[in-house]
Amino acid sequence: MKNVAEELCKYFIDRGLSQKDVAEAMNVSTSFINAILNNRKAIGKKVADKLSNLYGLSASWLLTGEGEMLKNVTTINHNVVQGNATNSIVGDNNNVSM
């Protein structure tokens with residue numbers, strides 16, 4: 001199991017996001033984000049869902065530390081229709097983040 005708080009902190013730093021940026025996007029206090037990133041507060045389901053939707057993170061990873069950090073984007077259908085290739089790409093919640 002990876003240290004979610006440590007990896008999450010690196011993720012935000014790599015993207016140039018401050019704790020204040022994340023707190024504002026999530027509509028929570030900076031101290032709340034600080035507590036999560038410093039392992040003083042566990043990530044609950046609602047927070048995991050918000051982080052997942054805002055930043056493309058896997059809610060499952062946020063809650064357990066297992067699996068991939070980012071949502072998986074999976075090609076679910078690749079058919080040739082009348083000579084045209086059709087790709088259907090679906091991520092978690094039917095959204096695709098680039």
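What follows is a working chat about a predicted model of a protein.

Me: Before anything else, what are the ground rules for this model?
Reply: This is a predicted model in which local features need pLDDT of at least 70, side-chain atom pairs count only at pLDDT 80 or more, and totals for chains, interfaces and linings use all residues. Residues are numbered from 1 along each chain as its sequence is written, and side-chain values use heavy atoms, with hydrogens and water left out.

Me: And what does the protein average in pLDDT?
Reply: The average is 79, and 71% of the residues score at least 70, where pLDDT is the predictor's confidence in each residue, from 0 to 100.

Me: Where does pLDDT stay under 50?
Reply: That is the case over residues 73–98, for which the model has 30 contacts beyond four places in sequence, a contact meaning heavy atoms within 4.5 Å.

Me: OK, the fold. How many helices and strands?
Reply: The secondary structure comes to 5 helices and 2 strands, and read along the sequence the pattern is α-α-α-α-α-β-β. Helices (H or I, at least four residues) and strands (E, at least two) are DSSP runs, numbered from the N terminus.

Me: How much of the protein is buried?
Reply: Buried residues make up 29% of the 98 residues, with buried meaning under 20% relative accessible area, exposed over 50% and partly exposed in between (1.4 Å probe, protein chains only). As for the contacts between residues at least 6 apart in sequence, 37% join residues at least 24 apart.

Me: Switching to rings, how many aromatic pairs are there?
Reply: The count comes to 2 aromatic pairs, on the rule that rings of Phe, Tyr and Trp (its six-membered ring) pair if their centres lie within 6.5 Å, with planes under 30 degrees apart counted as stacked, over 60 as edge-to-face and the rest as tilted. Tyr11 and Phe12 form an edge-to-face pair, at 5.8 Å centre to centre and with 70° between the planes.

Me: Are those two buried or exposed?
Reply: Tyr11 is buried, with a relative accessible area of 8%, and Phe12 is buried as well, at 3%.

Me: Which residue does Phe12 also pair with?
Reply: Phe12 also forms an edge-to-face pair with Tyr55, at 5.2 Å centre to centre and 70° between the planes. This pair links distant parts of the chain, since Phe12 is in helix H1 (residues 4–14) and Tyr55 is in helix H4 (residues 45–55), 43 residues apart. Tyr55 is buried, with a relative accessible area of 15%, and the ring pairs link Tyr11, Phe12 and Tyr55 into a cluster.

Me: Now H2 against H4, how do their axes cross?
Reply: The axes of helix H2 (residues 19–26) and H4 come within 10 Å and cross at roughly 105°, where axes are lines fitted to C-alpha atoms, for helices over the stretch in contact, and angles run from 0 to 180 degrees between N-to-C directions. That makes H2 roughly perpendicular to H4, given that angles under 35 degrees count as roughly parallel, over 145 as roughly antiparallel, 65 to 115 as roughly perpendicular and the rest as oblique.

Me: Which residues meet there?
Reply: Asp21, Val22, Ala25 and Met26 in H2 meet Val47, Lys50, Leu51, Leu54 and Tyr55 in H4. The residues of this contact divide into 7 nonpolar, no polar and 2 charged, with Ala, Val, Leu, Ile, Met, Phe, Trp, Tyr, Cys and Pro counted as nonpolar, Asp, Glu, Lys and Arg as charged, and the others, Gly among them, as polar.

Me: Where is Leu57, then?
Reply: Leu57 sits in the loop between H4 and helix H5 (59–64) and is buried, with a relative accessible area of 0%. Beyond four places in sequence, its contacts include Leu8, Tyr11, Leu51 and Met69.

Me: Last one, which residues are buried in H3?
Reply: In H3 (residues 30–37), Ile33, Ala35, Ile36 and Leu37 are buried, and the buried residues of H3 pack against H1, H2 and H4. Just after H3, Asn39 takes a positive phi of about 60°.
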